[in-house]
Amino acid sequence: MPYTVLKSIRQQNQDLLKEQFALDVLMGFSAETKHLPSKYFYDSQGSRLFEKITDLEEYYPTACELEILGKIGGRISSVLGDEHFEIVELGAGDGRKTKVLLSQLLNEDKNISYIPVDICESAVSNLVGSLEATLPHLDTRGMVGDYMDSINHLDASSRNRKLVLFLGSNIGNFDCLASMRFLRTLWKRLKSNDLLLLGFDLKKDIQILQRAYNDTKGLTRQFNLNVLARINRELDGEFELDRFSHHGLYNPMNGAMESYLVSLQNQRVYIGGTRKTFQFDAYEAIHLEFSFKYLLSDIEFLAASTGFEIMANWQDSRGYFVDSLWQVKKDE
């Protein structure tokens, strides 16, 4: 097996994972404001749809970050020096953007290994296989698990310095307090002078944001509706997908794009895995995701509040996106 499945994940058999999914659905659909955790977007079908979304012209973050990563390999190379670095990517997905950076570092003869981490086993397997074919000299060891379990495992198994990648504005799925909690937990698991490269989607014209989350090909709609299709497949749900619409909007009060599914009629839906029927009123919304946007001052605040020092901020040519390189600072 070209990757590691963490013990905590392996021990959770399919029945237990299904039970957790059913519990989250039960709690989310029983709440006053219906919601589901965004992690349920990313089964194999959801991951494939998201890869298609990243190719859309309207969905600018991927193109912006590819531009940035294509320019900064030399700068990061100089920071790494001659030490061996483990490059650990949290939420690696298909690794398309990261391959650009890895290729540059290998061309600079950097002493690196790469550890892609993702909760989706098929994503890790596919990425490791792709890298074995395209970058055969790169030491690649995939890991299936959640973010913190993976970092804990690596901290216990290796003393090498780390460059952790958290790209694609994944940090934007957390609100401010959750971001600070996540970053501070990561800081505790890393050693002084370890590095973190974070992707941040910057605040910009609202129409640009709206188009990115309401694409003309309807892929984002399919991506969101796949959550209901997944409930049908895995929890014996009885959703009729054409009775819901996707709606993405920008909330200027909290600085986030928000994704919803909206019921188009009064309907009752039975979900066998919860043994319960749920009422959805006409035009009632199910909240699925936040995607927070940032000012440079927000990024500075997050770093200073969680024990990091910003080494560099790199923006794309349009000023839509920034990759920010941070260093862990600890009093030894």
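Okay, let's start with the surface: the protein exposes about 15500 Å², and carbon and sulfur atoms supply 48% of that. Those areas are Shrake-Rupley with a 1.4 Å probe, and for residues only the protein chains shown count as cover.

Quick caveats. This is a predicted model, where local features need pLDDT of at least 70, side-chain atom pairs count only at pLDDT 80 or more, and totals for chains, interfaces and linings use all residues. Numbering runs from 1 along each chain as its sequence is written, and side-chain values use heavy atoms, with hydrogens and water left out.

Now the overall shape. The C-alpha trace spans about 65 × 45 × 40 Å along its principal axes. The radius of gyration is 20 Å, which agrees with the value near 20 Å for a compact globule of 332 residues; that's over C-alpha atoms, and the rule is 2.2 Å times the number of residues to the power 0.38.

What about the inside? Buried residues, 51% of the 332, are those under 20% relative accessible area with a 1.4 Å probe, protein chains only. The largest nonpolar core has 62 residues, meaning buried Ala, Val, Leu, Ile, Met, Phe, Trp, Tyr and Cys joined through side-chain atoms within 4.5 Å. Helix α11, residues 219-235, gives the largest share of this core, seven residues; helices here are DSSP runs of H or I, at least four residues, numbered from the N terminus.

Have a look at Ile-231, among the residues with the most contacts inside that core. Beyond its neighbours within four places in sequence, Ile-231 is in contact (heavy atoms within 4.5 Å) with residues including Phe-21, Phe-29, Phe-239 and Ile-271.

Note on methods
Buried < 20%, exposed > 50% of the residue type's maximum accessible area, 1.4 Å probe, protein only. Helix = DSSP H or I, 4+ residues; strand = E, 2+ residues; numbered from the N terminus.
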